[in-house]
Amino acid sequence: MKRSLVLAGGGMRVAWQAGVVRALAEEGLEFDHVDGTSGGILTAGMMLSGVSPEDMCSNWSGVNVKDFGSALPLGDYLKGPWSLPAIGDADGLLTKVFPALGIDAGEISRRAAEPGAVGGSFNVVEFGGKRCHAIDAADIDAELMAAGMSLPIFLTPLRRGAQIWTDAVWVRDANVAEALRRGAEEVWLIWCIGNSPYWGDGPLEQYVHMIEMSAMGALLADFETAQAAGREFVLHVVRPEHPLPLDPEFYLNRIDADTLIGMGYRDARRYLDTMTPEGLAKDASCTAMTEPAPGVRFNDTLRGTVDGETVTFKATVVLPSEDAGQQPQLSGFLDYAPFGPRVFLADGRLEARGEELRYRARVRLDDGWQDLAVTRTLHDDPGPDAWADSRQARLQLGTRLDTGLTMSLADAAGLLASIEPVGSHGFVDRAAAVGAFAANGLRELLRRYSSAV
């Protein structure tokens, strides 16, 4: 069966896709063709450059999100807002982001010429003809790849001769049609663009809504064209349950690449655990998301030492408000050098009983699954030692590890700094969500969910 991987856009949030690719690779899924649009060009570029799924995840940790845009010459800004070419240009992508991620256009072209190579395509719009071109990996260059990510208003387009090249987002944000043209019988669509009924106020939210409408309109048109032509194929879609945080949250360090990658791995594992050979219906439901209940997201980091090697556990928790009727979500990872590359959490969940908070998940080691549990006991013995009482935890990983972990003062500060509202819109609601958690913290979580265990 010929299989295509179609990587939709999503701005800097496509760090999430690295976690998805890692999970698909663990399942032994191989692809005959990889296609990238907009931000998905980064993921496609890494894969077609020969970057391993493990290195894709680690490379994202070395990217400075401020490098996604670079300043224009001063004279451009002096033209005033109505004549400004864009906020910045793509030089940062070319000179910093691509090298940090391991994207090498020359290597992509070289690999494309090898017998039996995985096919590749990158979607870029030629503005004069108002047409999206799926440029073959053998013909791609770094400037065209960057042009395919140069979102109007934010980055200037590529001017090459009489042609102007820019992001394909307003024409399409995922090219299923190209996958079918190349003979795909099974399409894996990796979708991190929002698709929920929520309509937000303000220019940023509505700009994103326009992208969502264009993306879904083009995707549905691809489905309808295939149906009219009698073109049968199996569709699999990996997507978040709720829309991912927007790029400004990444840019302002309200979320980081490691967190997004852990979410991508979690979401891919959720789909792999429930998928059927028939795949999904080819309609709007395949990418549909729901809005998260109001609540907060935070990172809980704990560390220990085993045989002289550092163990680091990081949990990303999404904690809904008490009256939301939803359970917390858990993603994250474990770093321990003897295990090799970073190990991500699948099927994560929280349990609470009395003063114990337990993170539970499965992790894949040596092609097999191990149960993981990290137990925190949040109590305060008599005396001025509340900090010492609440900073200890126990990690148990099948028969592989059983060790103590500790939250450092820096990690505690990191937890507080990581608290971000989810499912809340507007300054007042966001501040209220953070304030409620800051006032009660993890102990409040225990009270909320202890009765559910």
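Tutor: Start with a definition: buried means under 20% relative accessible area, exposed over 50%, and partly exposed in between, with a 1.4 Å probe and protein chains only. This is a predicted model, where local features need pLDDT of at least 70, side-chain atom pairs count only at pLDDT 80 or more, and totals for chains, interfaces and linings use all residues. Residues are numbered from 1 along each chain as its sequence is written, and side-chain values use heavy atoms, with hydrogens and water left out.

Student: Why is Cys 57 called buried?

Tutor: Its relative accessible area is 5%, and the cut-off is under 20%. Therefore Cys 57 counts as buried.

Student: How do you know that Cys 57 is in no disulfide?

Tutor: A disulfide is a pair of cysteine sulfur atoms within 2.5 Å. For Cys 57 the nearest cysteine sulfur, that of Cys 192, is 14 Å away. A search of the whole structure finds zero disulfides.

Student: What puts the buried residues of α6 on the same side?

Tutor: Helix α6 spans residues 105-112, and Ala 105, Ile 108 and Ser 109 are buried there. They cover an arc of only 95° around the axis, so they lie on the same side of α6. The arc is that of the directions from the helix axis to the C-beta atoms. Helices are DSSP runs of H or I with at least four residues, numbered from the N terminus.

Note on methods
Helix = DSSP H or I, 4+ residues; strand = E, 2+ residues; numbered from the N terminus.
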